Amino acid sequence: MKRLIERSRSVGEVLRWVTQNPGKVSASHYPIALHKLGQLLQQQPGPPAGAGDGRGPAGQVLEQPEFHVLCQAIVSGCAKFDNFSIVNCLYAAAALGLPGESPLVRVLEDESRSRLGRFNQKDVSMVFSSEANNKALEAIFSSQLFYENRQERFIRSMAEWLPRKAENLTPYTMALIAKYVARHRLREPRLLDTIANFLLKRGEQLDSKVIQKLVFPFSRMNYRPSNHGELFPKLEAILEQKAGSSPLATVNILMSMFQLSHFPQTVLHQVFSPGFITNVMSSPYALIVRRYLSLLDAAVELEFREYSGPRLDPRYRVLMFEHALTADEANRKYSYKGLVAEALRQLVGEECYRQDEVLPPGYCTDFLLWINRSGTVLPLSRVPAASRAPPATSPVTMSLRSSVLALTSDLQDFAPVVLSVNDKWHYCQNSDILVGSRAMRDRHLRLLGYCLVQLPYTELEKVSGIEEAKHYLRQKL
């Protein structure tokens, strides 16, 4: 039967084979028949099969009684089909141009959603490539299986059709898409610009919690959307009105804008005001807001020197991070940090560097060293205490400006150096661009007077063994 269907030379021939021999047709034959119909229609003149509008060859097929018999057979039996047949029927139906409201497509979509947890990678990708309406997208991006895995084929396809469909999507669905884009570090301009345009058009109707989800992918991917000249001022105006309604969301949005080197002055006046501070300090998320406000305050001092409004009371300053990031801890076994640590130990000795040092305002560094003007790494005992990195254990009294002065006062004699192991997850997907939080960290460390030595994974993956690693580090230092 498979060979007979594949060798058919006309739509009518395919339909006859399938509908007149029900006893010889199995579940696997239905997607083959749908695919073959799509191929034959592509070869005929008239509107493309994907039009699904009832005109031309595609419309003629939809109206044939034999085609209705074929569809009814799939609808009646799909609950007993194996996963492969379900997925391929749905994919073929989409390629054939069947409308989303047709009984066949609805039944196949419902059956696919009920089986998502049992689908393998290929099945999942094919299902998601064939569904594109609002309800289907919501189901797709709500799927834990899909969320945890990057579907390259679907993402490429989505970059093409999402801009056309965005107007009809709900904020909830667009927020799910933004979450997926951010999780997988997808620096795809067409997707990001679509989210930005959606935000520009709908922003005033959205609450702060939704806005923060839509803004986050931009900072995560260190990407200024093409409409940022319009979008950022609009976000400022929205935040001015809604800053107090959801303080944590407000601070999150500000953090995203800071990571993109945009500093909304009027909003800063609000979040550093006594009323806002009092409000957040009595909330359940007081600690996380204090961390964010401490980092925002540090960023103002380092990057927005012309700001003259209120600042965070020193009593509330804490370290943004007290230890390595969760992602770095979770991916430790995939990191090149262990190789670098051993090579560094053999090259300069343990007395010449600190590992995992946390520096104010709360940035965890991989390796911290001091090097003199001739390029020699100094033992910590030879570095004057006054010129060492300020202690991260007393953030309440930290002054970033005094830290800069302390670190640069003896710069003619030696300089503090941060070795930064940039693993794959520190970059946007398939890119050499650091994610926004990492990029801001690097800017701030440089402004604090540290020399940054970047060790990107693209270089480290070419290093073989400790001796090569030592040679690599010697060149870098």
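**Reading helix and sheet packing**

Tutor: In this predicted model, Leu339, Val340, Glu342, Ala343, Leu344, Gln346 and Leu347 of H21 are in contact with Gly465, Ile466, Glu467, Ala469, Lys470, Leu473 and Arg474 of H25. Sorted by class, the contact between H21 and H25 comprises 8 nonpolar, 2 polar and 4 charged residues.

Student: At what angle do H21 and H25 pack, and how far apart are their axes?

Tutor: Two packed helices are described by the angle between their axes and by the distance between those axes. Here, H21 (residues 337–348) and H25 (residues 465–476) pack at about 75°, and their axes are 9 Å apart. Angles of 65 to 115 degrees count as roughly perpendicular, and H21 and H25 are therefore roughly perpendicular to each other.

Student: What span should H21 have, and how far apart are its end C-alpha atoms?

Tutor: At 1.5 Å a residue, the 12 residues of H21 should span 16 Å, and the end C-alpha atoms are 16 Å apart, which agrees. After H21 comes Gly349, which has a positive phi, near 90°.

Student: Which residues of H21 are buried, and what do they pack against?

Tutor: Residues under 20% relative accessible area count as buried. In H21 these are Lys337, Val340, Ala341, Ala343, Leu344 and Val348. They pack against strands S1 (354–359), S2 (363–372), S3 (414–422) and S4 (451–456), and against helices H24 (457–460) and H25.

Student: In what order do the strands of the sheet lie?

Tutor: The open sheet has 4 strands in the order S1-S2-S3-S4, with mixed pairing. S1 and S4 are at the edges with a single partner strand each, so one side of each has no neighbour in the sheet. From one strand to the next, the twist averages 45°. S1 and S2 run antiparallel and are joined by 5 bridges; Glu357, for instance, has Thr365 in S2 as its bridge partner.

Student: Where does H21 lie relative to these strands?

Tutor: H21 lies across S1, S2, S3 and S4, and runs at about 25° to S2.

Student: How many residues does H12 have, and what length does it reach?

Tutor: H12 (residues 171–183) has 13 residues and reaches 18 Å from its first C-alpha to its last, close to the 18 Å expected at 1.5 Å a residue. Its buried residues are Thr173, Met174, Ala175, Leu176, Ile177, Ala178, Tyr180, Val181 and Ala182. Arg185, with a positive phi near 55°, follows H12.

Terms used: Residues numbered from 1 in each chain as written. Predicted model: local features only at pLDDT ≥ 70, side-chain atom pairs only at ≥ 80, totals over all residues. Heavy atoms only, no water. Axes fitted to C-alpha atoms, helices over the stretch in contact; angles between N-to-C directions. Helix = DSSP H or I, 4+ residues; strand = E, 2+ residues; numbered from the N terminus. Parallel < 35°, antiparallel > 145°, perpendicular 65-115°, else oblique. Contact = heavy atoms within 4.5 Å. Nonpolar A, V, L, I, M, F, W, Y, C, P; charged D, E, K, R; others polar. Expected span 1.5 Å × (residues − 1). Buried < 20%, exposed > 50% of the residue type's maximum accessible area, 1.4 Å probe, protein only. Pairing = 2+ DSSP bridges.
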